[in-house]
Amino acid sequence: MNSIITISTVLNTASMGLIILGLFIIFTQKNLIKMVIGLGLADTGVNILLVSTGYIEGNTAPIFSNTSLKISQMVDPVPQALVLTSIVIGFGVSALALALIIRLFEKTGTLDTSKIRGLKW
Amino acid sequence: MRKLLSIVLLAGFIFYFATLTGGLLIPSNSSERSSVGLDILSRTANETGSANAVTSVVVLYRGFDTLGEVTVLFLAALGISVFMKSTSKVRKRTLDQSFILKTGSRLLFPLMFLFGFYIIVHGHITPGGGFPGGVIIATGFFIVLLTSESVEFNKTLMSVLEGLAGLTFIGLGLVGLFGSGNSFLQNFLPLGKFNTVFSAGIIPVIYAVVGIKVAAELSSVVFAMKESK
Amino acid sequence: MVNPILLILIPLGTAFLISTVAGALKNSTKYIAFLALLANVWISISLLPKVLDHPVNVIIAGIKPPVGINLLVGPMGAIFSIIISVAGVLVLLYSFKYIEGESQSKYYTLFLLLITGAQGMILTGDVFNLFVFFEILAISSYILVGYSGDRNGFEAAVKYLILGSVGSVFILVAIALIYQETGTLNMADIAGKFALVASGKKMMILLFFITGMGVEAAIFPLNSWLPDAHSSAPSSISAVLSGFVIEVALVVIIKFVYTIFAMTEVLQYLSLVGVITLLVGEFAAFNQGNIKRVLAYSSIGQIGLILFAMSLNSEAGLSAGMMQIVNHTASKSILFLVAGYMIKRTGSYQFSDYKGIAKKMPVSSFLFVLGVLSLVGVPPFLGFFSKLNIIIAALSSGNVFNTVMVFLILLGTIIESVYFLKIIQIFYIGEPVKEGVKEAPFFAVLPIALFAVVILLGFLVLPEIKDYAGSAAAELFTKIQMAQVF
Amino acid sequence: MLYLLSFLVLVMLSVGIAIIFVKDILNAVILSTVVSLIASVIFLFIAAPDVAITEAAIGAALTTVVFVIAIKRTKIKATIKKE
């Protein structure tokens, strides 16, 4: 493989980009809901990174749907199982964050972190 | 000040990640790769009887993680019900839904339920399983509850269902622990014929429990957020 | 047969059980929770002698590691699960009267899940499993911080949640990179395979992990959430969060550095970070007027001290750090639990309103003083011996850096004693201004007194404590336990 | 395959960057759903159908539902307050 751009570099760019983007949104945006969106983006980025660690170019999904499939032609199933867990956890955290934000909004009337001054941010 | 700090932090992070991608994420040579996953691929068919290796990892090899994962969803549902508790009055629906919507949703619900069930019980053969299947069943509930006035969402029933499904999961594991296997979540059912629905021992059973739990938890998450006023 | 997996399954199963029967039993579910945690205490104590000579390796789903998940319980795991179960059961007893309101069963479910997460993080032998339990611990703490339902609680919970989730993103990146490099998730297997990995790569992965876990452990630049979260939570939860949650995260970091990555070269920086954390915490605590914020900042100071002790790269330092954790759990729990009833009785968070409260709440105030004495390190309390051991361990390493650090620690201790004396002086001097303040109920005083027994009579069983802490230190330092998995 | 994947990643990242500049929060949520959906297509391409299904069902669909509920509940109150 002489070409610089391979599937795994593309995947790494995607995951790195999404993680940095997500963190950027969390640290610079002031809207709380947007911060949660940033969290979701960073989670997606990590998930792509995890799946790409098990990816072997040209191989098929790890499902023995017929007997002709060979083990050496399959990708690693473990990272995929980890990502299933990570997606569900990410959803749980986002939903919880939004519920908290709704209640905080009911108490303060704003979603802007610079206007919520009960505690030091 | 905060913005400046975060930009400095992010610049550091980008640099950090860039060096990492340069040095660390060099595409590894597939022929030399040795990993737990490739080991699992070679033994899953004989050991678990599940055609879908991802399912066998999720339910059996890393079943303890899955128990933790449904616990996280349980926690999220519980947390939302804690935060929304002080305002949990049942809202009278004033919206008058159209006849087509109501009838359509009632027709759709059994189909969605069946489809979700199909996805769950075929989790060890095809892609899918407890999590997407549970989501589909939960979506079926949403459609009915959003369109018809007569059906009320029963919170107590849902929390009982969540708890019972969790207890069943642990109970199935404990049968393995105190039974012959002497280890938590041990597969104690026969493996059956490879690539059929009734195969793979406790995998479909556990996935069904996971599906019920996920469906109940997701419904209570969405309804706790929506209904409380 | 005592199986360590029950330490995780009993609280988890009880949490599900409570959710099932909450409708029928209403608030009496708390007794079920109490029984479950008592069982946990018994299991963890009977586990300790078994793990001293060789660790217990629990295989899950009948699949041997590294393919399956295992639990690996050495002396450190056993000691920590005793700390978690005992502190848990005492704080639960305190909550019986302290927590009021309608849906108490939810509080107890959350509390049990918090215990589950903490036990799982300490006992597991698998990196991703650690992450799952970390999330259980973290999410239940977010919810419990906001449990009181007031504005500050929600705000602190949102802040804690966002920072904690950023931390978990970092941890997941570290796990993905570990899997990329070694192709395994089992801790012992990783430790073996990491020997072949270039140290630059290992350092990067470790930095990711420390950054992520450091948010939960509240080490210096990552601890801005702690004062808010610990001061806004219900006091029983503050006691638990300060008592063992941050310590669990810290010990996981230390465990990774010593055994899995075996990179003792980062320890120098960690000990510097520890001292900075200590000074930041103590200086910030000095200016606070809110009693719970004082205690929260003092927790930051203490966590810095523990981090310093544990990153001295010597067995003596590690065992002194373990002792300090025991001391901090007991004494900080006393302080938070007493503060909880003082806030409840007077309706004020400012300690300047507690003038002469010792006349109205004599037992509580006395217990508070005991907690302070042990936290600051006055003989003959447990805190004196643990601090002394830390200083001896630091000085015996013989380098100038550690000697300077010891002076900074002593400076921090002086500041700490000054602000605590200020509070105690307010308690005992002056006439009570508030009417209707009365002593905390028996069920609240009893667990506080039991915590006080630990720090008061600690010196009687000091050799034993030292022994156990020493074998826990040896587990981390010599890595023998890791090698016995396969 | 490689070019298709690169194209998808490019679109995904540019949609992600657009989130920073979008003023209306509902639009931002919809853009994040787009990112999630593209991610799920990427998962399908890199031989992870299980992940793709779960990401589409949970990451894209359900998360959006929850976000939209949150936006609705934080907006209605705001207009009431103004009146």
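Chain C has 20 helices and two strands, where helices (H or I, at least four residues) and strands (E, at least two) are DSSP runs numbered from the N terminus. Its radius of gyration is 21 Å, close to the 23 Å that the globule rule gives for 486 residues, so chain C is as compact as a globular protein of that length. The radius of gyration is taken over C-alpha atoms, and the globule rule is 2.2 Å times the number of residues to the power 0.38.

This is a predicted model, in which local features need pLDDT of at least 70 and side-chain atom pairs count only at pLDDT 80 or more, while totals for chains, interfaces and linings use all residues. Residues are numbered from 1 along each chain as its sequence is written, and chains are lettered from A and ligands numbered from 1 in the order in which they are written.

Chain A has three helices and zero strands, in the order α-α-α along the sequence. For its 121 residues, a compact globule would have a radius of gyration near 14 Å, but chain A has 20 Å.

The table sets out some values for the two chains. A residue is buried if 20 or more other C-beta atoms lie within 10 Å of its own, exposed if 12 or fewer, and partly exposed in between, with C-beta atoms placed from the backbone. Two residues are in contact if their C-beta atoms, placed in this way, lie within 7 Å.

| Chain | C-alpha extent along principal axes | Buried residues | Contacts joining residues at least 24 apart, among those at least 6 apart in sequence |
|---|---|---|---|
| Chain A | roughly 60 × 35 × 15 Å | 65% of 121 residues | 57% |
| Chain C | about 70 × 60 × 40 Å | 65% of 486 residues | 80% |

Chain D touches chain A. The contact takes 39 residues from chain D and 40 residues from chain A. On the chain D side, the elements that give two or more residues are helix 1, helix 2 (25-45) and helix 3 (49-82). Helix 3 of chain D gives the most to this side, with 17 residues. By class, the side of chain D that touches chain A has 26 nonpolar, eight polar and five charged residues. Here Ala, Val, Leu, Ile, Met, Phe, Trp, Tyr, Cys and Pro count as nonpolar, Asp, Glu, Lys and Arg as charged, and the others, Gly among them, as polar.

L10(D) lies in helix 1 (residues 2-21) of chain D. L10(D) counts as partly exposed because it has 14 C-beta neighbours inside 10 Å. From L10(D) to I20(D) there are 10 residues in sequence and 16 Å in space, C-alpha to C-alpha.
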